[in-house]
Amino acid sequence: MTEITTEKARIGAPSAQPFIDGFTEEGESLSPINANGKAPLAGASAKSHSHGGGVGVPDSSRAGRLTSYKLADFKPLTGMEEDWRFTPLKRLRGLHSEVLSGAAPTVIVKGPEGVIVEGVGRDDQRIGTAGIPEDRVSANAWENFAQATVVTIPAEFEALTEITVDIEGTSLDAAAQHLVIVAEKFSKAVVILNHKGSAVVSENVEIIVEDGANLTVITLQEWNDDAVHASSQQAKIGRDAKLKHVMVSLGGDLVRVTPSARFTAPGGEAELFGLYFADAGQHLEQRLFVDHAVPNCKSNVLYKGALQGRNAHAVWVGDVLIRKEAEGTDTYEANRNLLLTDGARADSVPNLEIETGLIEGAGHASATGRMDDEHLFYLMARGIPEDVARRLVVRGFLNEIIQQIKVPSIEERLTEAVEHELALTDN
Amino acid sequence: MSTLEIKDLHVSIETEQGTKEILKGVSLTIRTGETHAIMGPNGSGKSTLASTIAGHPRYNVTSGSITLDGEDVLEMSVDERARAGVFLAMQYPVEVPGVSMTNFLRTAKTAIDGEAPKLRTWTKDVKAAMEQLRIDADFAQRNVNEGFSGGEKKRVEILQLELFKPKFAILDETDSGLDVDALKVVSEGVNRAHAEGNMGTLLITHYTRILRYIKPDFVHVFVDGQVVEEGGPELADRLEEEGYDRYAKGAGAATIAAPAAAQA
């Protein structure tokens with residue numbers, strides 16, 4: 001006990017004060033459950049203004065993020081908010097400020113027989129089961145969507161071929177979109193969301209992975225150059241269920257994907273992969289959240305991006321929260337960026353909040369850099385011309401994510417798309 | 001018959017303390033069929049010579065020349081040098097994530113030959129070469145050098161040497177970090193490539209150990225960026241007994257004797 005006391009004193013308090021307020025032996029008390037009047041971050045001292053959620057939770061904690069179905073609960077954006085500080089609001093084309101009354105992109109679902117596809121109204125009871133909007137743009141879509149598409153993989157059904165959801169935009173009027181994917185108990189499926197065409201759209205995707213289900217969701221953003229897309233993809237993961245989420249953003253003027261994975265029962269597993277390739281002027285943003293709220297769940301996050309050209313901008317923010325109850329958690333998150341030319345910018349922010357020390361493991365990593373000259377030298381010293389060598393290195397770098405898709409036709413298409421992006425560098 | 005000729009080569013690098021000259025006038029001529037060993041203490045510039053011939057951007061040639069059959073090698077880019085027939089087996093081969101050995105070998109062979117190798121014979125050649133170097137078959141599916149041990153990396157360098165069939169092979173301390181068994185396997189590989197009769201070899205080493213398995217025709221002793229002594233294989237034996245101490249600065253007693261054959 002003496003040792004522990006000493007350790008606590010060492011962490012941050014140089015004074016005679018033996019304990020740091022707000023610290024317990026499991027670490028810092030941030031979640032609402034731990035909130036008590038004594039903590040310096042809790043109570044009245046925390047909340048003089050209201051955009052955070054729980055009482056006694058500081059803005060800096062992901063646990064304190066406001067969630068609401070109501071647009072009015074979110075203040076108009078200024079760009080100063082933590083979760084909008086990297087986003088050029090002017091280029092959102094009204095997704096945050098206007099009524100989203102434009103025609104939503106058309107949705108066509110193809111899949112094996114047995115998978116149920118429905119178009120439903122706002123009052124369908126499945127809507128709102130996987131998540132609550134976490135930001136103003138998502139709430140705006142929630143307020144404005146007219147119809148939702150619900151894709152259900154029935155209990156114990158194993159889809160042998162993938163389910164393809166083509167989402168094609170044809171107009172640049174700001175619009176709202178809503179999708180629900182339900183993988184019922186012990187089902188297994190791969191669902192591909194293909195975003196293409198031109199659109200200005202805020203989209204909510206609810207993903208429900210019931211107990212024992214194994215669901216892969218691949219979301220591809222291959223928009224035309226003028227598209228603006230915000231996509232909140234919230235997953236609820238049941239007991240012993242597994243979600244693999246692969247995000248690929250290549251096209252569009254501004255694309256902001258915010259996947260959240262929430263564990264609701266022990267034994268769940270989430271893998272979140274991402275690949276993005278930002279060209280001149282493009283803003284590709286990804287903010288993810290893994291909420292370890294229950295014991296013995298596992299998560300692994302790896303996002304990789306390549307950037308080229310003036311004002312190519314990529315943002316990656318990875319929030320992982322291990323709540324006090326989430327003992328036995330095993331988590332790792334990493335982001336890697338490759339800057340191929342001058343004038344590109346990558347922001348990378350891994351956030352790991354740990355409220356219990358009784359975990360298997362928790363780690364995070366981030367690296368952003370130029371192409372390694374030694375890689376190039378090695379390949380060129382084997383006779384491979386520089387342009388081919390560069391492509392090999394970038395392709396290799398991104399391949400790690402593409403290999404996760406395991407749908408040959410898509411892997412091939414994405415490899416080609418990456419080649420195409422690389423061909424642009426040579427100009 | 002090809003000739004790689006290095007004449008009065010001066011090379012410097014940029015360091016935080018400013019420009020530093022590493023090679024201070026090196027001349028060397030290698031012909032097809034010959035094996036030259038370059039020996040010397042650490043920091044004498046042996047590896048700089050190897051990297052400079054291959055064209056590593058870190059090294060600036062301030063004067064002198066390197067020619068391959070009269071063609072100016074210094075004018076060539078790194079990949080052009082490789083395609084002209086220069087192969088550098090690296091001291092520290094780098095890992096290239098996400099690029100499979102199979103893809104890499106085929107891409108390089110295609111670049112060097114100017115056409116894609118015939119798939120059937122190529123696969124067979126790769127397999128046979130890997131077997132001879134005792135490299136596990138599953139290495140073909142792995143990424144270039146990724147997770148390979150030091151010895152495995154060196155074997156893979158020699159695998160490339162055997163497959164790409166260069167005119168001149170430069171082995172940069174290929175023996176360092178190898179145990180005796182691996183050293184034998186690697187040496188056999190070099191000897192096989194040499195025995196085909198179309199290759200000259202520049203063997204850079206700190207130790208005489210590898211010279212028991214690869215017999216040099218000429219030995220050059222490198223000290224402080226210069227060749228301080230040259231001779232036949234017997235010079236290596238002397239070095240084994242006496243070490244490099246007698247070349248230490250100020251000794252001044254080193255005789256510089258150009259080998260007769262190199263004059264011919």
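A residue is called buried when 20 or more other C-beta atoms lie within 10 Å of its own, exposed when there are 12 or fewer, and partly exposed in between, with C-beta atoms placed from the backbone. This is a predicted model, in which local features need pLDDT of at least 70 and side-chain atom pairs count only at pLDDT 80 or more, while totals for chains, interfaces and linings use all residues. Residues are numbered from 1 along each chain as its sequence is written, and chains are lettered from A and ligands numbered from 1 in the order in which they are written.

**View 1. Chain A as a whole.** Of the 427 residues in chain A, 49% are buried. The chain has five helices and 18 strands; helices (H or I, at least four residues) and strands (E, at least two) are DSSP runs, numbered from the N terminus. Two residues are in contact if their C-beta atoms, placed from the backbone, lie within 7 Å. Among contacts in chain A with a separation of 6 or more, 81% join residues 24 or more positions apart.

**View 2. The largest nonpolar core.** A nonpolar core is a set of buried Ala, Val, Leu, Ile, Met, Phe, Trp, Tyr and Cys residues joined through C-beta atoms within 7 Å. The largest one here has 188 residues, and those with the most contacts inside it are I181(A), V191(A), V209(A), F87(B) and I170(B). Strand β7 of chain A (residues 188-209) gives the most to this core, with twelve residues. Look next at I170(B): beyond its neighbours within four places in sequence, its contacts include A50(B), I53(B), A54(B), F87(B) and L202(B).

**View 3. Helix α1 of chain B.** After α1(B) comes G55(B), with a positive phi near 95 degrees.

**View 4. Where chain A touches chain B.** Chain A brings 21 residues to the contact and chain B brings 19 residues. On the chain A side, the elements giving two or more residues are α3 (373-380) and α4 (386-402). The largest share of that side, nine residues, comes from α4(A).

**View 5. Confidence in chain B.** The mean pLDDT (the predictor's confidence in each residue, from 0 to 100) of chain B is 91, and 94% of its residues reach 70 or more. Over residues 251-264 of chain B the pLDDT is below 50. The model scores ipTM 0.92 and pTM 0.79.
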